[in-house]
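Trainee: Please take me through this model one feature at a time, and give the rule behind each term as it comes up.

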Amino acid sequence: MAFDGAVISCLVCELKEKLSGGRIIKIAQPEKDELVLTVKNYDQYRLYISASAGLPLIYLTDLTRPNPVSAPNFCMLLRKHLNSARILDITQPGLERIIHIEIEHLNELGDLCRKKLIVEIMGKHSNIIFVDDNNTIIDSIKHVSGFVSSVREVLPGREYFIAQTGDKADPLTTDYHAFRELVLTKPLTAGKAIYSAYTGISPLLANEICCRASIDPEDPAKSISEDVGLHLYRNFDRVMERIRTKDYTPNIVFCGNEPVEFSCIPLTCYQTSPEPEKPYTVRQFDSPSAMLESYYAAKNALTRIRQKSSDLRRIVNTAIERESKKLDLQEKQLKDTEKREKYKIYGELLTAYGYGAEPGAKSLRAMNYYSGEEIDIPLDPQLTAMENAKKYFERYSKLKRTFEALTVHTSETREALAHLESIRTALDIAVREEDLSQLKDELTEYGYIRRHYTAGQSGKKAKKPKVVSRPFHYLSSDGFHMYVGKNNYQNDELTFEFANGNDWWFHAKGIPGSHVIVRTEGRELPDRAFEEAGRLAAYYSRGRDSDKVEIDYLEKKNVKKPNGAKPGFVVYYTNYSLIASPDISGLTEISDT
């Protein structure tokens, strides 16, 4: 993200247009480093300001936030001075990441006074500072003493000033000669030289300027020739001209559904995505506030999804590891039972030919009437031939019982592993908290997560989890609706409750993946629809990182669910197959929310 001087300049334009002349009718401080100002100016606006070290922000929003029972001191001070105050102007000094909100109000004596609320968006040094008309600090949301900063104290009674930004210049007033001196002579990369030389320019904006000039941002600035340097400056100046003339285009660049960057100018440096199945897309916004709110809402949602999915993934991976070890042990024990038939034959041959065994013999050579070959049968010299035969029959019976039990247990373990693998695949494609909630319900139902009962519920049979999220919905190039289950419950619902008998069913062959249903609505499916549905089945499967995936497809009426099978598991006996690429670029997704 790049909350730089250019984005703040765009934001100041919006705030100036909507808030100038308005009156502050409500002041709240939901968190220790957050403010919400409600401003009445024809319409009512809510200005959210955060001086959080991790995520400093300022934008207009419609969302409300819960307030503490008792207002903090800084909030009470602002209410004392600024209740019903009028906003005169909103400005930005140069291209600094600073916003000045000039305010006019009446003091206790009824005299007209002017003050400023200064918002500094500077990472961990972000702050909200309240000053009088002489630039003397009245108070701030964060106090910074000389023990914390040797550059500037932010304390009541101190004079407010902008901390020096080293040798950085104002990019809005520079010319080519200054640019050449500040950028092209530095022993830095081209991108770093630009954002190190000028205030308000982020690495993203510097890289964008280099990209527009067809220069690699990692190229050394000193190695750039005079002609190329002039070309770089002209592109730099074109970007600055957009800021000077307020020619803004708030936009967010997405990689698939994930927001990557936002800016107030078009970003040409995002062209080729590292993941072909997730191409870069750009969404433009009418205002920077809408852009910022949308970006951080999407980012926060993804962060929550990843946090919650990581907890579930850890449970699933632990269960898979445990079941895999169990399967290895069972298969090893099963292999040991392969000699059971040999012991049965030893017992039978000793019963038939044991009379020829000499007392104390360690073996008996006899004809195996099953194969027609002579074999040596080991004997315990302490036992008679009949006692040795009985011992071999006992071994055979024990191994037979072990084989029968292990065959059942091994099958159950393989089914459990396949079930867990399907859940792990579903975790990879979950995009909402509701999707994760369903997966958690499934893990709880099958005992991988302990169920917590409230008082009086202990021992009650769990109800079938209610489907709360929707499957993916796509529209084929020929207008056919295609649905993709996000998890096993949705797969079952799509296949056995939603789909009609003549709809087509798709699934990746032999690997965990989603059920894909194509609604035919009585029409014949063209080849392109089969190919696009196959691509969906390949992408939403464990084979999405492969070049090609084999897909089984058939009419839904031929798909059956065995009694007692786990959710999402089906059987079919006649099907068609195709090879599909797990690339869904170009397919139209429809939002059903």
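Mentor: A cavity here is a set of points, on a 1 Å grid over the protein atoms alone, where a 1.4 Å probe fits but cannot get out, and its lining residues have an atom within 4 Å of a point. Its volume is the space filled by probe spheres set on the points, which are joined across faces, edges and corners. The model is predicted, so local features need pLDDT of at least 70 and side-chain atom pairs pLDDT 80 or more, while totals for chains, interfaces and linings use all residues. Residues are numbered from 1 along each chain as its sequence is written, and side-chain values use heavy atoms, without hydrogens or water.

Trainee: How much space lies in the largest cavity?

Mentor: By this rule, one cavity of 30 Å³ or more is counted. The space in the largest cavity is about 50 Å³.

Trainee: Which helix gives the largest share of the lining of that largest cavity?

Mentor: Helices (H or I, at least four residues) and strands (E, at least two) are DSSP runs numbered from the N terminus. The lining includes Ser422, Thr425, Ala426 and Ile429, as well as Lys486 and Pro512, and at least two of its residues come from each of α9 (385-429) and α11 (488-498). The largest share, four residues, comes from α9.

Trainee: How many residues of α1 are buried?

Mentor: Buried means under 20% relative accessible area, with a 1.4 Å probe and protein chains only. Among the buried residues of α1 are Val7, Ile8, Glu14 and Leu19. Helix α1 is largely enclosed by the rest of the structure, because of its 15 residues the number buried is eleven.

Trainee: Which residue of β20 stands opposite Ile551?

Mentor: Strand β19 (residues 549-555) is mostly covered, with five of its seven residues buried. Five bridges join it, antiparallel, to β17 (residues 504-508), where Trp505 stands opposite Leu554 of β19. Another five join β19 to the antiparallel strand β20 (residues 576-580), and there the residue opposite Ile551 is Leu578.

Methods: Buried < 20%, exposed > 50% of the residue type's maximum accessible area, 1.4 Å probe, protein only. Pairing = 2+ DSSP bridges. 1 Å grid on protein atoms, 1.4 Å probe; cavity = no way out; pocket = protein on both sides within 12 Å on 5 of 7 lines; lining within 4 Å.
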